[in-house]
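I went through the backbone and the helix packing, one item at a time.

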Amino acid sequence: MPDKIALEVARYTPERDKEPKFETFEVPLRKEWVVLDALNYVKDKVDGSLSFRWSCRMGVCGSCGMMVNDEPKLTCATFLTDYAPGPVRVEPLKNFPVMRDLIVEITDFLTKLSKVKPWIIRKEEKPLSEGEYLQTPDQLDTYKQFSMCINCLLCYAACPVYGLDPLFAGPAALALAQRYNMDSRDQGSDERLDILSQHDGIWGCTFVGECTQVCPKHVDPAGAIQQYKLTGTQEWVKSFLMPFGGK
Amino acid sequence: MPTFTAYPTKGYRVRVSTYWWLGRWAYLKFILREISSVFVAWFVLLIILQIRALGKGPEAWAAMEEFMKNPLVIGLNLISFLFVVFHAVTWFNLAPKAMAVRMGGKRVPNIMISGPNYIAWIVVSAVVAWLLLRG
């Protein structure tokens, strides 16, 4: 095994550059090193100005998502040796505006996420003295997969619909909406329906399915969206047959 | 359409290439799946034309048969057949994604949803083949 690997890193400083360009760094190729370790090596030893987001180093925080050789990856879980002899090309996540080097602007996602109301909505809160809202393991199981989302946005980088139509709500926001819709403690699915069943909601999805493929937590956003399309259609038929009732 | 967007205008944005679907097999497969609808429509049109010819009488039917024997039409139908099979297979495989059926507290395995689709497809195909080939 060679002891070095070339890391081609996208660099962009808005005050100076018109567009991003690549800078190549030779980094040690170690069996236990992930791409994030290589980036930290560059920042510590070679160029302190290299900018990127990271935090937990263990696939939980969802901060270190980047394009590695054109695939959306958590760089903390992507081993350098898998790309030997190299080069490894690291770019900011696709489909988002680049702020600096490997950092993207994610306000759009955060706005959309809050629009789908990803929290438990009760028609009437029960008093604290009555205790928790209980749930069986089976009820938990219905939505647990969707609750594993860490908002790393790899799915947005993989989604061509989001790239072409930035108004599309996107995989993670829709999957998280479905997570709360399927939660037995939640009563807010009516409130979410209006937002989700718009053109920019579930119907924007053309089922490319790549969001599910790249998800590091196996959330299956594509599945969540298709399931919601079924629910949305049923609700539409219901409202069509019973325009004044049923609610 | 909303007249404004909360989407940030700051930052460097890369325009999505018109040929984004050529770079990755999964994207190309998706585009082929979408295009398959055109070939499905062609088969529907063909059946309508055949029914019309059948209703018009033996001469119209003979002309239709002549048209179907044209090598270009045979070629087009062969390509259409492959696309329609691709269309059916991808749809059957997608069905379990949209239908999260739960029984006895467990999610029903994918094969239990797509399996009956395939079985129904084979049975219907066999019946059609029997009708056509029994002589």
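Predicted model: local features only at pLDDT ≥ 70, side-chain atom pairs only at ≥ 80, totals over all residues.

I sort angles first: under 35 degrees is roughly parallel, over 145 roughly antiparallel, 65 to 115 roughly perpendicular, and the rest oblique. Axes are lines fitted to C-alpha atoms, for helices over the stretch in contact, and angles run from 0 to 180 degrees between N-to-C directions. Helices (H or I, at least four residues) and strands (E, at least two) are DSSP runs, numbered from the N terminus.

Residues are numbered from 1 along each chain as its sequence is written, while chains are lettered from A and ligands numbered from 1 in the order in which they are written.

**Entry 1: α1 and α3 of chain B**

I looked up how helix α1 (residues 25-56) of chain B meets helix α3 (residues 71-98) of chain B. Their axes come within 8 Å and cross at roughly 120°. α1(B) and α3(B) are therefore oblique to each other. The crossing of α1(B) past α3(B) is left-handed; that means the near helix is turned anticlockwise from the far one by less than a right angle, and clockwise would be right-handed.

I then listed contacts (C-beta atoms, placed from the backbone, within 7 Å). On the α1(B) side I find L32(B), R33(B), S36(B), F39(B), V40(B), W42(B) and F43(B). They meet S80(B), F83(B), V84(B), F86(B), H87(B) and T90(B) in α3(B). By class, this contact has 8 nonpolar, 4 polar and 1 charged residues. Ala, Val, Leu, Ile, Met, Phe, Trp, Tyr, Cys and Pro count as nonpolar, Asp, Glu, Lys and Arg as charged, and the others, Gly among them, as polar.

**Entry 2: α1 and α2 of chain B**

α1(B) also packs on helix α2 (residues 58-69) of chain B, at an angle of about 145° and with the axes 5 Å apart. α1(B) passes α2(B) in a left-handed crossing. From α1(B), the contact takes L49(B), Q50(B), A53(B), L54(B) and K56(B); from α2(B), it takes A60(B), W61(B), A63(B) and M64(B). I class these as 7 nonpolar, 1 polar and 1 charged.

I checked the length of α1(B). Its 32 residues should span 46 Å at 1.5 Å a residue, and the end C-alpha atoms are 46 Å apart, which agrees. The expected span is 1.5 Å times one less than the number of residues. G57(B) follows α1(B) and has a positive phi, near 120°.

**Entry 3: chain B against chain A**

How many residues of chain B are in contact with chain A? I get 20, in contact with 28 residues of chain A. α1 and α3 of chain B each supply at least two residues of that side of chain B. The side has 13 nonpolar, 3 polar and 4 charged residues.

Most residues other than glycine have a negative phi, and most peptide bonds are trans. I looked for exceptions.

A cis peptide bond joins A84(A) and P85(A), with omega about 5°. P85(A) sits in the loop between β4 (71-74) and β5 (88-91) of chain A. The bond from G86(A) to P87(A) is cis too, with omega near 0°. P87(A) lies in the loop between β4 and β5 of chain A.

L153(A) is not a glycine, yet its phi is positive, near 70°. I place L153(A) in the loop between α3 (137-147) and α4 (154-158) of chain A. Is L153(A) buried or exposed? L153(A) counts as buried, with 24 C-beta neighbours inside 10 Å. The cut-offs are 20 or more other C-beta atoms within 10 Å for buried, 12 or fewer for exposed, and partly exposed in between, with C-beta atoms placed from the backbone.

D220(A), not a glycine either, has a positive phi of about 65°. D220(A) is in the loop between α8 (210-214) and α9 (221-241) of chain A. D220(A) is buried, with 22 other C-beta atoms within 10 Å.

Technical notes: Contact = placed C-beta atoms within 7 Å.
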